[in-house]
Amino acid sequence: MTGGVSPLARRLAGELDEIQRVSRHIQEDWLKFLRTADDGYLKAAAFDLHGFYTGIERIFRLIAEILDGRLPSGEDGISCF
């Protein structure tokens, strides 16, 4: 783990920046949907929400790979990610 924390911190900071950007898009699109009832804004918010959760997943993947040296796997050997 020594030497891996700094690269992990940099990568996590990048992921967090991206998650914040996506969060702003979700909020903007949701508010536009509420004002206009345009399904396009709702679909855009849903698409960005998927990106938000994917970003969270990448963060956990980075942590597992750097700190544990591998990704976790379930009881049947299939990766949890």
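R61 and E57 are both part of helix α2 and sit four residues apart, about one turn of the helix. Helices here are DSSP runs of H or I with at least four residues, strands are E runs of at least two, and both are numbered from the N terminus. This is a predicted model, in which local features need pLDDT of at least 70 and side-chain atom pairs count only at pLDDT 80 or more, while totals for chains, interfaces and linings use all residues. Residues are numbered from 1 along each chain as its sequence is written, and side-chain values use heavy atoms, with hydrogens and water left out.

R61 and E57 form a salt bridge, their closest N and O atoms being 3.8 Å apart; the term stands for a side-chain nitrogen of Lys or Arg within 4 Å of a carboxyl oxygen of Asp or Glu. R61 is partly exposed at 25% relative accessibility, and E57 is partly exposed at 36%. In these terms, buried means under 20% relative accessible area, exposed means over 50%, and partly exposed lies in between (1.4 Å probe, protein chains only).

The structure holds three salt bridges. One of them joins R58 to E15, with the closest N and O atoms 2.9 Å apart. This pair links distant parts of the chain, since R58 belongs to helix α2 and E15 to helix α1, 43 residues apart. R58 is partly exposed at 33% relative accessible area, whereas E15 is buried at 15%. R21 forms a salt bridge with E18, and here the closest N and O atoms are 2.4 Å apart. Both R21 and E18 lie in helix α1, three residues apart, or about one turn of the helix.

D48 is buried yet has no salt bridge, and R21, the nearest side chain of opposite charge, is 6.3 Å away. Leaving aside residues up to four places away in sequence, D48 touches V22, H25, I26 and D29, where contact means heavy atoms within 4.5 Å.

Turning to the aromatic residues, the structure holds two aromatic pairs. W30 and F33 form a tilted pair, 5.5 Å centre to centre with 35° between the planes. Rings of Phe, Tyr and Trp (its six-membered ring) pair if their centres lie within 6.5 Å; planes under 30 degrees apart count as stacked, over 60 as edge-to-face and the rest as tilted. W30 and F33 are three residues apart in helix α1, so about one helical turn separates them. F33 counts as buried at 17% relative accessibility. The rings of F52 and Y53 have centres 5.4 Å apart and planes at 90°, so this pair is edge-to-face. Y53 counts as exposed at 52% relative accessibility.

For the chain as a whole, the secondary structure comes to two helices and zero strands. Buried residues make up 19% of the 81 residues. Among contacts between residues at least 6 apart in sequence, 47% join residues at least 24 apart.

Terms used. Lys, Arg positive; Asp, Glu negative; His and termini not counted.
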